[in-house]
Structures are given as structure tokens and as C-alpha cells.
Amino acid sequence: IASILDRETARIDALIAKKTEFIELLAKKRQALITHAVTKGPDPKAKMKDSGVEWIGQVPEHWTISKLKYVSRALIGLTYAPEDVVTDGSGITVLRSSNIQGGQLDMADIVQVRKAVDNELMVQVGDILICSRNGSRALIGKNIQLDERSLGCTFGAFMTVVRGKFNSYLYFVFNSTMFDANSALYMTSTVNQLTISMIDNMEIPLPPETEQKAIVSQLRKKLMSLDTLLSKTQLSIHLLKKRRSALITAAVTGQIDLRESA
């Protein structure tokens, strides 16, 4: 049994490793597409200038460089105590890092609290929800743009919401290499967090609003097939892991006869 399981699980593990590597390549390609779009714009013939910011590089001549605080507002989430948490469905849902999975809103694991919440801490459609504090450095900065499913929710103290009229464009800025480079400047070896001040003072390229809309439209079209492929590959990995677990369980409980496979 051990010999056969070693062979079969090794084969499955090899497939998982290849698919995981493929996902990493797709994610890099996705980020590269986004970075190019939010720094070079929709017009390949546009005259360029030096932005004056190392991690931004050259941008179209007519663009400006702005700090985030001039085009949006950053808000730290709700602080609550263990006794505020309720499990009977009567509370307000608090969005946390675990509710951001694969770039999507995931409501499988929710916490609800019974507590008065300021209106500004109730999320709005279009808000960008960012993980701004976490024990894992890798999770800092992961984000989503919220849709109608999040209405009626608030967000936790380890999260930040960025709110403004340019959020559809800013969402892609937050998913470019610029955001990684910018946020890394403020990280230390002991503190994994992005403060309001850090987010407010991040510098971004800012095209005219008409170009922002064109960039958003082009990126959504370009990323659609890429994101579909990512989702299918992630699902494939999930199914392979389930198959691996099921095979081990069936073998060690005698549900399948492995003697002919030996």
C-alpha cells in the first residue's frame, strides 16, 4: 500500500507543482499587463516623460503624478471586542482578510458583530478593500474592489478601505508592480502593516478621467480570458488535492484493492 501510494501521490504532486508554477506565470503576466496599462496608457504613440518616481518610470507627457490622498480617502476599519461577536445572524458582517480569496470576494468565512457602526465604515459599492495589517507579510496589500454583494457590511481594523471617484482605475494601480514597490518602502522586518499615512502618501500616475475609463475598459477585456484560465487552473489544483486525499483514505481503509497495481 505504501509503495503504491508513494508512486500515485508523487504523480499527483508533480501535476499540482506544474499547475502551481503555471498559475505563478499567469499572475506575473497579469500584473505586467496591468502595470503597462496604468503607466503607459491606451495610446502607444503618446509622447512620454520621466515621472520623477523610480517605481513609476516614464508616463505619457500630459499625465500628472499625484499622492493618493489627493484623489481618494483611506479609512481604517472597525475595532471590536470578542463579546461583540454574534453567531445568530443578527449582527453586521465584518469583512476581513479571509474574505479576499483569489482576487474575489469570498463570504464563506464571516464574522458578525452587534455594535453601533459609523456610517462611513459601512462599505460602498466601488470601495477598494485592502489587507493593511497581517501576521503574514505576503498578505499585506491584497485587495478587491467591492460590489453589491458587500452592501450592509463593515470591515475590520486590520483592513483599509480606499474610497474615491477614480476607484475603478485605482484598483488596477493597486494590482500593479507599482503598488508592490511603493508599499515595500514602508515595510520593516518587524512591522507588517500599511498605515493610513503610508497609503495617503503613495505616489501614482494619474491620467485624465477619459483615459482612465479607456484603460479600465481595455484591461477588463484583456484580463477576462486570463482570469478564466487562472480560475480553471486553480479549480484543477483543488480537484487534484481532493483526489489525492480520497486515494489515501480509500487505500488505508481497504475500500480499493491495490494488489493488482503493485
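Predicted model: local features only at pLDDT ≥ 70, side-chain atom pairs only at ≥ 80, totals over all residues.
Residues are numbered from 1 along each chain as its sequence is written, and side-chain values use heavy atoms, with hydrogens and water left out.

Let me begin with the largest pocket, where a pocket is an open set of points on a 1 Å grid over the protein atoms alone, reached by a 1.4 Å probe, with protein on both sides within 12 Å along at least five of seven lines, and lining residues have an atom within 4 Å of a point. The space in this pocket comes to about 1400 Å³, a volume being the space filled by probe spheres set on the points, which are joined across faces, edges and corners. Its lining has 41 residues, and R30, G102, G103, N143 and N175 lie nearest the centre. Among the elements that give two or more residues to this lining are α1 (2-40), β11 (143-145) and α5 (209-252), where helices (H or I, at least four residues) and strands (E, at least two) are DSSP runs, numbered from the N terminus. The most comes from α5, with seven residues. By class, the lining divides into 19 nonpolar, 14 polar and eight charged residues.

Now to the salt bridges, each being a side-chain nitrogen of Lys or Arg within 4 Å of a carboxyl oxygen of Asp or Glu; the whole structure has nine. In one of them, R30 meets D227 at 2.7 Å, N to O. Because R30 lies in helix α1 and D227 in helix α5, this pair ties together parts that are 197 residues apart in sequence. R30 is buried at 17% relative accessible area, whereas D227, at 25%, is partly exposed; buried means under 20%, exposed over 50%, and partly exposed in between, with a 1.4 Å probe and protein chains only.

A second bridge joins the side chains of D127 and R163 at 2.8 Å, N to O. This pair links distant parts of the chain, with D127 in the loop between β9 and β10 and R163 in strand β13, 36 residues apart, and both residues are buried.

Finally, R7 and E8 form a salt bridge at 3.4 Å, N to O, and together with R11 they are linked in a network of salt bridges.

Methods: Nonpolar A, V, L, I, M, F, W, Y, C, P; charged D, E, K, R; others polar.
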